Amino acid sequence: MSVTVFVTAPRLGRAGVQALEGAGARVLYLPDGGGSAEVEQIMSSEPIDAVISRTVELSARAIESCPTLRVITKHGVGVGNIDVAAATARSIPVFTTPGANAQSVAELTIALMFNAARRVSWMHAELREGRWSRAQDGRQLAGATLGLVGAGQIGQRVARIAAATGMRVVAFDPGFGLASPTPELSMTASLDELLEQADVLSLHVPLGDRTRGLIGARQLALLPAGAIVLNTARGEIVDEPALVDALRSGHLFAAGLDTTWSEPIAPESQLLTCPNVVLTPHVGGSTPAALDAMASAAAENILGYLDGRAPNPRACVNPETLTIERSTT
């Protein structure tokens with residue numbers, strides 16, 4: 001297959017590289033430190049057939065500047081950095097790799113939950129500063145209620161692990177209605193109903209018009225006093241100033257965040273001044289196992305599409321583009 005694939009990152013997991021090279025594809029990479037301007041420059045100057053999009057913005061300008069572009073796949077599931085409308089206008093499908101990083105994200109969610117509940121990072125920092133600060137106000141999670149916003153593959157994995165620790169798990173996800181997708185959790189009819197009983201709130205929904213700012217001051221106030229908030233989805237789902245206020249007032253016991261409004265986090269972010277916040281730099285899906293699985297799935301998305309094989313419409317965020325005839329290579 002004589003095609004050119006552009007990876008908007010300096011590297012790709014081994015399994016993905018092997019699949020692409022095995023198919024005879026020419027693979028281009030974004031140089032270290034490259035941003036959206038470099039993406040646009042490469043897209044406008046190379047005969048690119050497919051893009052594997054990581055975290056750098058894939059703008060309308062980049063998409064429109066590449067007349068040979070036929071397919072885009074996200075290396076993951078969040079397409080907030082891709083101008084899907086611009087791709088759709090050109091009948092270019094945009095795929096994702098659902099489930100490829102689900103286990104790793106679920107495990108980090110659980111790690112953040114235990115860390116925040118027992119103030120592990122705070123005590124670790126205190127000990128390094130020579131202070132024997134024995135926090136004895138940590139939360140025992142067995143018997144507590146975990147509320148999941150989003151009951152997809154990540155949420156269901158989190159539910160299974162949490163249930164094994166003795167937690168009760170409830171979820172709200174319009175995509176599932178009121179049917180429980182896994183026996184470890186039960187569904188609620190509304191977000192408010194979920195919030196009112198969630199001792200721990202964990203977010204597992206994609207970023208979009210319906211979820212941007214979904215958790216604001218009103219929603220945080222509905223949580224029981226002393227609740228914990230976890231976000232391994234996207235930072236923009238939570239109103240960050242409202243979250244800081246709730247943490248400082250003591251209404252929330254703690255928060256564990258893998259995602260924030262700005263990434264890298266802004267030095268002036270008020271989250272950095274809250275001792276009851278555990279932060280990681282958006283690494284939920286960044287284990288070697290998850291990166292390899294996402295790379296493999298991304299390569300399969302584009303190679304399958306370009307080879308004329310029937311694509312998985314559930315992995316396509318603009319499936320209307322799949323009804324359009326395309327030539328194969």
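1. Start with two helices, α5 (residues 102–118) and α6 (residues 120–128), in this predicted model. Their axes come within 5 Å and cross at roughly 60 degrees. Axes here are lines fitted to C-alpha atoms, for helices over the stretch in contact, and angles run from 0 to 180 degrees between N-to-C directions. The pair is therefore oblique; angles under 35 degrees count as roughly parallel, over 145 as roughly antiparallel, 65 to 115 as roughly perpendicular, and the rest as oblique. Helices (H or I, at least four residues) and strands (E, at least two) are DSSP runs, numbered from the N terminus.

2. Who makes this contact (heavy atoms within 4.5 Å)? On α5 look for F114, N115 and R118, and on α6 for V120, S121 and M123.

3. Now find the open sheet of five strands, ordered β2-β1-β3-β4-β5 with parallel pairing. Two strands pair if DSSP finds at least two bridges between them. At the edges stand β2 (26–29) and β5 (94–95), each with a single partner strand, so one side of each has no neighbour in the sheet.

4. Finally, the largest nonpolar core has 29 residues, and L201, L220, L223, L243 and L252 have the most contacts inside it. Such a core is a set of buried Ala, Val, Leu, Ile, Met, Phe, Trp, Tyr and Cys residues joined through side-chain atoms within 4.5 Å. Among the elements giving two or more residues are β7 (168–172) and β9 (200–203), and α10 gives the most, with five. A second, separate core of 26 residues includes A144, L148, A171 and M187.

5. A reading tip: residues are numbered from 1 along each chain as its sequence is written. Local features need pLDDT of at least 70 and side-chain atom pairs count only at pLDDT 80 or more, while totals for chains, interfaces and linings use all residues, and side-chain values use heavy atoms, leaving out hydrogens and water.

Terms used
Contact = heavy atoms within 4.5 Å. Buried < 20%, exposed > 50% of the residue type's maximum accessible area, 1.4 Å probe, protein only.
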